[in-house]
Amino acid sequence: MSLPTERRSTVGEHVVVASADIHVEISGSGPPVVLIHGLGLRGALWNRVRAALGDRHLQVRIDLRGAGASRETEREPLTLERWSDDLGEVLRSLGLGRPV
């Protein structure tokens, strides 16, 4: 899956990575910005930022493995390394090489 920078409406998608379905919400257009929540939170944390950015950026909000609408297909330890690997796989699948 590759994202055009012209996308405007909010779209909820799941990106399959190693043993998980990662929930991703995409909205706006322009240079891509990836918004990642902290531990124990979820992507909805960024709703006010989404409104402030408006349509000036392609916003990609991710629910990390074990949070929000993301689901594990197999239980794995939740580690920073696992979340980092998941994020890299999501960015590659969306065609986002160097987002902000």
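Which elements make a right-handed β-α-β unit in this chain? Strand 3, helix 1 (residues 47-53) and strand 4 make that unit. The structure is a predicted model, and its protein chain holds two helices and five strands. From the N terminus on, these elements run in the order β-β-β-α-β-β-α.

**Confidence in the model**

- The mean pLDDT of the protein chain is 83, and 89% of the residues score at least 70.
- Over residues 4-9 the pLDDT is below 50, although this stretch has 18 contacts in the model beyond near neighbours in sequence.
- Where pLDDT is low, the predicted coordinates should not be read in detail.
- Confidence is lowest in strand 1 (residues 11-17), with a mean of 82, and highest in helix 2 (residues 80-94), with a mean of 92.

**Overall packing**

- The protein chain has 100 residues, of which 39% are buried.
- Among contacts in the protein chain with a separation of 6 or more, 64% come from residues 24 or more positions apart.

**Strand 4 and its partners**

- Strand 4 (58-63) pairs with strand 3 in the parallel sense over five bridges.
- Strand 4 also pairs with strand 2 in the antiparallel sense, over six bridges.
- Ile62 of strand 4 takes part in both pairings: Ile36 stands opposite Ile62, and Ile62 is also the bridge partner of Val24.
- Strand 4 is mostly covered, with six of its six residues buried.
- Both faces of strand 4 are covered, with Leu58, Val60 and Ile62 buried on one side and Gln59, Arg61 and Asp63 buried on the other.
- Strand 3 (residues 32-36) is mostly covered as well, since four of its five residues are buried.

**The nonpolar core**

- The largest nonpolar core has 15 residues.
- The residues with the most contacts inside this core are Ile22, Val24, Val60, Ile62, Val90 and Leu94.
- Strand 1, strand 2 (20-28), strand 4 and helix 2 are the elements that give two or more residues to this core.

**Helix 2**

- Helix 2 has 15 residues and spans 21 Å from its first C-alpha to its last, close to the 21 Å expected at 1.5 Å a residue.
- Its buried residues are Arg82, Trp83, Asp86, Leu87, Gly88, Val90, Leu91 and Leu94.
- An α-helix has 3.6 residues a turn, so residues three or four places apart point the same way.
- Gly95 follows helix 2 and has a positive phi, near 75 degrees.

**Ile22 in strand 2**

- Ile22 lies in strand 2.
- With a relative accessible area of 2%, Ile22 falls under the 20% cut-off and is therefore buried.
- Leaving aside neighbours within four places in sequence, Ile22 is in contact with Glu13, His14, Val15, Val17, Ile62, Asp63, Arg65, Ser70, Asp86 and Val90.
- The C-alpha atoms of Ile22 and Asp63 are 6.5 Å apart in space, and the two residues are 41 residues apart in sequence.

**His37 in the loop between strand 3 and helix 1**

- His37 is placed in the loop between strand 3 and helix 1.
- The relative accessibility of His37 is 6%, so this residue counts as buried.
- Leaving aside neighbours within four places in sequence, His37 is in contact with Arg42, Gly43, Leu45, Trp46, Ile62, Asp63, Leu64 and Ala67.
- The C-alpha atoms of His37 and Leu64 are separated by 7.6 Å, with the two residues 27 residues apart along the chain.

**Ser19 in the loop between strand 1 and strand 2**

- Ser19 is found in the loop between strand 1 and strand 2.
- Most residues other than glycine have a negative phi.
- Ser19 is not a glycine, yet its phi is positive, at about 60 degrees.
- Ser19 is buried because its relative accessible area is 13%, which is under 20%.

Definitions and conventions
Residues numbered from 1 in each chain as written. Predicted model: local features only at pLDDT ≥ 70, side-chain atom pairs only at ≥ 80, totals over all residues. Heavy atoms only, no water. pLDDT = per-residue confidence, 0-100. Contact = heavy atoms within 4.5 Å. Expected span 1.5 Å × (residues − 1). Buried < 20%, exposed > 50% of the residue type's maximum accessible area, 1.4 Å probe, protein only. Core = buried A, V, L, I, M, F, W, Y, C linked by side-chain atoms within 4.5 Å. Pairing = 2+ DSSP bridges. Right-handed = clockwise from strand over helix to strand, strands pointing away.
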